[in-house]
Amino acid sequence: MIASFRRRHWRHAGVVGLLVFTGFALFLSSWRRTLGMAFLPIQLIHSGGGVLYGGVLMGWGRRVFPWPEGGRPGWVRWGYFFLVMLAVSGLGLWVGPSLTHALATVVHGLSAIFFVGWMVWHVVVMRPRRQVSYESRRRLLRWGLVTLPTAWIAWYTPSVLAMVTGRLFQVGRNRGALPGFVPYTVIDGYPSLSRAHWTLGVDGLQNAVQVSWDEFSALPHTHVTIDFRCVTGWVVPHTRFGGVDLYLWLKSLGWDDARLPWVTFYSADGVYRDSLNAAQIREYRPLLADTIDGQPLPVSQGYPVRLVVPAMYGC
C-alpha cells in the first residue's frame with residue numbers, strides 16, 4: 001500500500017536531513033575536530049546513504065520515495081533534480097578518472113548550495129498560514145523544527161561557494177580557495193604569516209640553517225605538474241606547482257641520508273607534523289612549493305610555502 005503523501009514527505013525530509021548534516025560534518029573543520037574517531041563512520045553513512053538514496057530516487061523503491069506527481073509545481077521538481085545531481089556527482093567522486101573527480105567535486109558543491117537554497121524556499125512557501133486546529137499547531141511545530149536547521153545550514157553556504165568557485169569569489173588578496181580544492185584545517189582557520197617574518201629552518205645537520213624568504217626565493221626552482229589527490233576522494237587534475245626540490249636542497253646543505261634516514265616536517269602554526277624517509281624523498285622528489293598554476297600560494301594552500309609530494313596524497 002502506497003504511504004500517504006505526508007508520510008512520504010517526512011521520509012524524504014528525514015533522509016535528506018541526515019545526508020545534509022553528515023555532509024556539512026565532513027566539510028566543516030570544527031565539526032571534524034569534534035567528531036574525532038567518528039569521522040569514518042559518518043563518512044560511510046554520508047557516502048553509502050547518498051548512493052542508496054540516489055538509486056531510490058532514480059527508480060529503485062519508487063513506492064517508498066516516489067517522484068512528485070504530475071501537476072505539481074515546477075519548483076518542486078527542481079528539488080528532486082538537485083538531489084539526483086548530488087547523487088550522481090557523489091558517485092563521480094568514487095569512480096572514474098581524475099577529470100571526473102574534479103568535475104564531480106564542483107558539481108557536488110554547487111548542487112548542495114542550490115539544494116540548500118531550494119530547501120529554504122520550500123520551507124517559506126509551505127509555511128503554515130493558519131493556527132486554528134490541533135493539526136495546524138502540529139504543522140507549525142514541524143515547520144519551526146525544519147526552519148531552524150535549514151537557516152543554520154544556509155549560514156555556511158558562502159564557504160561552500162568559495163570552495164567550488166575559487167578565485168572568482170575570494171575575499172582579500174591571495175586568500176581564496178582554488179577551483180576544485182577542499183582545504184582542511186585542524187584549527188578552523190589559517191595562520192597569519194608574512195613573507196617579511198617567515199623563515200624556513202633545518203635542524204639536525206652539522207650546522208642549523210635558517211632561510212629567509214629572500215634567500216628561499218633565490219634558490220634554484222623547478223616545476224611539477226601532478227593530479228592533486230586527497231585522501232577523501234577528490235582530485236584536481238593537471239595542477240602545476242613551482243618551488244625548490246627538497247632532495248637537492250638538503251644534499252646541498254650536507255645531508256647524509258644514510259646517517260639521517262628520516263626527515264620530519266613541522267607546520268608554521270606548530271600543530272601539525274609528518275615525516276618522510278630518505279627512500280621516499282629520493283623516489284618522490286618532494287617540492288617546497290611557493291606557487292600553484294603560476295600564482296603565489298593562497299593562504300588556504302599553505303602560503304607562503306608548502307610541502308608537495310608527487311604521487312602521494314595531500315590536502
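Trainee: Why is Asp 257 called buried?

Mentor: Asp 257 has a relative accessibility of 14%, and because buried means under 20% relative accessible area, exposed over 50% and partly exposed in between (1.4 Å probe, protein chains only), Asp 257 counts as buried. Keep in mind that this is a predicted model, in which local features need pLDDT of at least 70 and side-chain atom pairs count only at pLDDT 80 or more, while totals for chains, interfaces and linings use all residues. Residues are numbered from 1 along each chain as its sequence is written, and side-chain values use heavy atoms, leaving out hydrogens and water.

Trainee: How do you know that Asp 257 forms a salt bridge with Lys 251?

Mentor: The closest N and O atoms of Asp 257 and Lys 251 are 3.5 Å apart, and a salt bridge asks for a side-chain nitrogen of Lys or Arg within 4 Å of a carboxyl oxygen of Asp or Glu, so the pair qualifies. Lys 251 itself, with a relative accessible area of 33%, is partly exposed.

Trainee: What makes Lys 251, Asp 257 and Arg 282 one network?

Mentor: Arg 282 also forms a salt bridge with Asp 257, with the closest N and O atoms 2.8 Å apart. This pair links distant parts of the chain, 25 residues apart, since Arg 282 sits in helix 10 and Asp 257 in the loop between helix 9 (246–252) and strand 5 (262–266); helices (H or I, at least four residues) and strands (E, at least two) are DSSP runs, numbered from the N terminus. Salt bridges that share partners therefore join the three residues into one network, in which Arg 282 counts as partly exposed because its relative accessibility is 40%.

Trainee: How many salt bridges does the structure hold?

Mentor: The structure holds three salt bridges, including one in which the side chains of Arg 285 and Asp 245 meet at 3.1 Å, N to O. Arg 285 lies in the loop between helix 10 (278–284) and strand 7 (287–292), whereas Asp 245 belongs to strand 4 (residues 235–245), so that the pair links distant parts of the chain, 40 residues apart.

Trainee: Are Arg 285 and Asp 245 buried or partly exposed?

Mentor: Arg 285 has a relative accessibility of 30% and therefore counts as partly exposed, while Asp 245, at 14%, counts as buried.

Trainee: Why is Gly 204 called exposed?

Mentor: Gly 204 reaches 53% relative accessibility and so counts as exposed. Gly 204 is placed in the loop between strand 1 (199–202) and strand 2 (209–212), and the C-alpha atoms of Gly 204 and Leu 260 are 8.4 Å apart in space, although the two are 56 residues apart in sequence.
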